Amino acid sequence: MHAIKITIFGAAVAAAFPAWGQAMNMPGMDMPMPAASAPAPSLPETDMHGMSMPSAGASAPVDAGKAPVPSMSAPGMTMQGMGATAVPGTSPAKPDSQKGMAEMPGMGSPAPAAAVSPRSADAYSGGYTLTTGPYIPSGVKPPRLADRETFGSVLVDRLERAYGHDAGNWTAYDVQAWFGRDFNRLVLKAEGQASQGRVQDARTELLWGHAIAPYWDLQTGVRHDNGGGPDRNWLAFGVQGIAPYWFDIEATAYVGDQGRSALRLASSYELLLTQRWVLQPRAEVNVYGKDDPERSLGSGLSDATAGLRLRYEFSRQFAPYIGVEWSGRFGRTADFARAAGERKSTTDVVVGLHFWF
């Protein structure tokens, strides 16, 4: 008696809720259940914006004495953009209005991109360059990077007047100019002294500079010496740059005729006492491979200078200074100086200008 009542109740429930007679056919939600034992009347399908709910199919008989369990399979119950998964053994029909997720604007799966090397410019520029692209109007010069532009500069590091006790007064200059690009440039260096209306000693170099590392240039070219004897010409090979802790370094080797050779080392440092007061220590050493009596130069360590200058920068490009400089001669060079009635070492007070443009 109780089994009959349960069966009648199950049939009523299946008739009232036909959707329970089918499985929830959603991705990851397939839950097939045993069908009801009694057939359920079909209801008209309702399509609510892609949500189709067909009537439940016929239910399978159940064991006697057991209550019928409504099926949760609803093959027609699909939402727009949510594909249906068929229950094994059934063939649910999909309405024509149903669309997959891939058909919705902006919701489709992107197609795999073609393999592009991460170092290729096409991976970021879309194939455009600095000279081609929709952003360059017709007739307009395309942009250029800084390392493709040509620049120039002239630095007068020292233009000074020296006042000595015994050696008298003299004028000195140290100029460096360059013209070119970041990686390759033409460099002109000129340094010398003049007194009593004539040049006592001068060195002029014309070099080609090539960047070999950050802050460092390889320089090669020619050097010409004049004043204080016959002229001398040299081939020059060296480096110039900024060492750690911001020391300016110049190291150049020279090869001349008749087996002559020389080495020049120079270094300077700029210590900012304030934003305008700058203290600059500087040192220079010259070494020669053989004696040159006609120019009063001996082999080995020939001469050295060390100075300290304090300048005030009215602007970064213009600064007067005052300082003191010591210079000395060594070895055979000192012997040549004594023979000419000159002092082996001197200490002078200097006043000058430092500027660039």
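Select R295 first: in this predicted model, R295 counts as buried, because its relative accessibility is 9% and the cut-off for buried is under 20%. R295 sits in the loop between β14 (277-288) and β15 (300-312), whereas D201 belongs to strand β8 (residues 198-213), so the pair ties together parts of the sequence that are 94 residues apart.

Next, select R158 and D174, which form a salt bridge whose closest N and O atoms are 3.6 Å apart. This pair links distant parts of the chain, as R158 is in strand β5 (residues 151-163) and D174 is in strand β6 (residues 169-180), 16 residues apart. Are these two side chains buried or exposed? R158 counts as buried at 4% relative accessibility, and D174 also counts as buried, at 13%.

Finally, move to helix α3 (residues 331-339) and select R338 and D335, which are three residues apart and therefore separated by about one helical turn. Their salt bridge brings the closest N and O atoms to 2.5 Å. R338 is partly exposed, with a relative accessible area of 47%, and D335 is partly exposed as well, at 33%.

If you wish to continue on your own, the count for the model comes to 26 salt bridges.

Definitions and conventions: Residues numbered from 1 in each chain as written. Predicted model: local features only at pLDDT ≥ 70, side-chain atom pairs only at ≥ 80, totals over all residues. Heavy atoms only, no water. Salt bridge = Lys/Arg side-chain N within 4 Å of Asp/Glu carboxyl O. Helix = DSSP H or I, 4+ residues; strand = E, 2+ residues; numbered from the N terminus. Buried < 20%, exposed > 50% of the residue type's maximum accessible area, 1.4 Å probe, protein only.
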